[in-house]
Amino acid sequence: MQLHTPFKSLFSVFVVDVFTEYFKELEEESIQDNFVVVYELLDELMDFGFPQTTDSKILQEYITQEGAKLEVAKTKVPTTVTNAVSWRSEGIKYKKNEVFIDVIESINVLVNANGSVMSSDIVGSIKLKTMLSGMPELRLGLNDRVLFALTGRDKGKTVVMEDVKFHQCVRLSRFENDRTISFIPPDGESELMSYRINTHVKPLIWIESIIEKFSHSRVEIMVKAKGQFKKQSVANNVEVRVPVPSDADSPKFKTSTGNAKYVPEKNLVVWTIKSFPGGKEFLMRAHFGLPSVENDELEGKPPITVKFEIPYFTVSGIQVRYMKIIEKSGYQALPWVRYITQSGDYQLRTNV
């Protein structure tokens, strides 16, 4: 069977996800050890060149494995294969009905050596952990600017989402018509949607650095990190990664908070700050011996990179306005919302 061209790239992503779910590590050895499972999965994943069942949870209902062995339950085909709602099984029951909603935004920032932001954007994802009985209908409301314009509501704080992609459970025709996000959710964890917001982003953690090299002697590094976000927020597990020459040795560090360590295999100093409150400034100084500086031009000037996570905060201002849960049995369910902002591709170039 040959897969039709328009589906190739998307289908390959589904295949990788399914194989990883089955084998944990997708490597040549795991493919060889489980070639029977691979053959059976491919037979179910596509039919006559078209993608068919690509949800690993559904596939695991009738293709199971023990070690490298395959068991195929042929007595009963799961209803999810023939059901219009192929991503959710019937008869799901929970004692306590809940939905957990994670709004996760990653910030991509590139700052040049003069301190100007060259490029920035926000990549967002809304993830669900659904523990609901039956076949519930969910409706999610966001502070979507297009929706507010259509309904003539007071705008207030709204966002403009681009490149929006939905899970197959979302009724696209409904969204295109009136921007309502309506769906019957998969059971358990899933990504409901992703989006991009193309806007100027002020770097949440600003880095200033002074790197001085003394020929055939030493290199002195001073890095200042400042939290440029609300004082009531705290960035967790911050890592500032500062490149150093490959021939540097004899490291010495001094920090106003956190810990710094030398990672010679990556030619980096990694400064770790477990808790970084908004509005605060911290300093790190490093001293290295430098036998030579002859390979400067060959090494180039790699940027400083920063990793962090700020809970209960989104830089775009996106908000979950409501989550309505409707099920024919009439049970009450609780939605829980959590916001997280984290670093994506976050780079600050240096002069040295």
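The model is predicted.

**Helix geometry**
- An α-helix has 3.6 residues a turn, so residues three or four places apart point the same way.

**Surface patches**
- A patch of negative charge on the surface brings together Glu25, Glu27, Glu28, Glu29 and Asp33.
- Of these, Glu27 sits in the loop between helix 1 (8–23) and helix 2 (28–33), and counts as partly exposed at 47% relative accessibility.
- A nonpolar surface patch consists of Phe100, Leu334 and Trp336, which together have about 280 Å² of accessible area.
- Phe100 belongs to strand 5 (residues 98–111) and is partly exposed, at 31% relative accessibility.

**Salt bridges**
- The count of salt bridges is 10.
- Glu162 and Arg196 form a salt bridge through their side chains (3.2 Å, N to O).
- Because Glu162 lies in strand 8 (residues 162–166) and Arg196 in strand 10 (residues 188–197), this pair ties together parts that are 34 residues apart in sequence.
- Glu162, Asp163 and Arg196 are linked in a salt-bridge network.
- Relative accessible area is 31% for Glu162 and 22% for Arg196, and each is partly exposed.
- Arg218 pairs with Glu220 in a salt bridge, with the closest N and O atoms 3.2 Å apart.
- In the salt bridge between Glu239 and Arg241, the closest N and O atoms are 2.8 Å apart.

Key:
Residues numbered from 1 in each chain as written. Predicted model: local features only at pLDDT ≥ 70, side-chain atom pairs only at ≥ 80, totals over all residues. Heavy atoms only, no water. Patch = residues over 30% accessible without salt bridge, like charges linked within 9 Å, V, L, I, M, F, W, Y side chains within 5 Å. Areas by Shrake-Rupley, 256 points an atom, 1.4 Å probe, with all protein chains shown as cover. Salt bridge = Lys/Arg side-chain N within 4 Å of Asp/Glu carboxyl O. Lys, Arg positive; Asp, Glu negative; His and termini not counted. Charge placed at Lys NZ, Arg CZ, Asp CG, Glu CD. Helix = DSSP H or I, 4+ residues; strand = E, 2+ residues; numbered from the N terminus. Buried < 20%, exposed > 50% of the residue type's maximum accessible area, 1.4 Å probe, protein only.
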